[in-house]
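Dear colleague,

I am passing on the structure that we talked about, and below it you will find my notes on what turned up in it. Please read them with the model open beside you.

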Amino acid sequence: MDVGGLEALQKNLTRVKENIDGATKRLDGLRPDSVGSDELDEACGDFRDSWKEGLEKLEEAVEEVDEGLGQAVKGYRDVEEGIRDSLKDMRDGVDDLNLQGATPSGR
């Protein structure tokens with residue numbers, strides 16, 4: 001498993017979340033009477049409301065994926081550490097057996 005790739009994906013998701021936050025704040029800054037005619041102001045208000053809701057849902061989904069990736073990275077790191085420790089223990093055991101066999105008392 002490419003754990004580094006998962007961590008890079010997490011960083012990208014963080015940037016996505018930051019962009020969504022920025023877009024949501026910019027939409028909040030639009031006042032219904034700041035665009036032009038009443039019809040245009042109303043259309044922009046409707047657009048703002050629907051996009052804000054969609055962006056909030058997207059942000060929630062990104063946060064959930066990011067959390068899941070964090071758990072996956074931790075799990076893979078734990079497995080890698082366990083394998084590394086087990087292999088080290090095996091190597092140490094083989095080294096001990098080799099040393100015992102090389103001494104006169106080990107014969």
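Asp 21 is partly exposed, because its relative accessible area of 24% falls between the limits used here (buried means under 20% relative accessible area, exposed over 50%, and partly exposed in between, with a 1.4 Å probe and protein chains only). The areas themselves come from the Shrake-Rupley method with a 1.4 Å probe, and for residues only the protein chains shown count as cover. Asp 21 forms a salt bridge with Lys 17, with the closest N and O atoms 3.3 Å apart; the term stands for a side-chain nitrogen of Lys or Arg within 4 Å of a carboxyl oxygen of Asp or Glu. Asp 21 and Lys 17 are separated by about one helical turn because they are four residues apart in helix H1 (residues 3-29). Lys 17, for its part, has a relative accessibility of 26%, so it also counts as partly exposed.

Please keep in mind that this is a predicted model, in which local features need pLDDT of at least 70 and side-chain atom pairs count only at pLDDT 80 or more, while totals for chains, interfaces and linings use all residues. Residues are numbered from 1 along each chain as its sequence is written, and side-chain values use heavy atoms, with hydrogens and water left out.

If residues up to four places away in sequence are not counted, Glu 59 touches Lys 17, Ile 20 and Asp 21, where a contact means heavy atoms within 4.5 Å.

By the rule given above, the count comes to 10 salt bridges. One of them joins Lys 88 to Asp 92, with the closest N and O atoms 3.1 Å apart, and both residues lie in helix H2, four residues apart, which is about one turn of the helix. Lys 88 is partly exposed at 43% relative accessible area, and Asp 92 is likewise partly exposed at 27%. Asp 85 forms a salt bridge with Arg 84, the closest N and O atoms being 3.5 Å apart.

On the surface, Asp 38, Glu 39, Glu 42 and Asp 46 gather in a patch of negative charge. Patches are made of residues with over 30% relative accessible area and no salt bridge, like charges being joined within 9 Å and nonpolar side chains (Val, Leu, Ile, Met, Phe, Trp, Tyr) within 5 Å. Lys and Arg count as positive and Asp and Glu as negative, whereas His and the chain ends are not counted; the place of a charge is taken as NZ of Lys, CZ of Arg, CG of Asp or CD of Glu. Glu 39 lies in helix H2 (residues 38-102) and counts as exposed because its relative accessibility is 69%.

As for the whole protein, it has two helices and zero strands, these being DSSP runs (H or I of at least four residues for helices, E of at least two for strands) numbered from the N terminus. Of its 107 residues, 15% count as buried.
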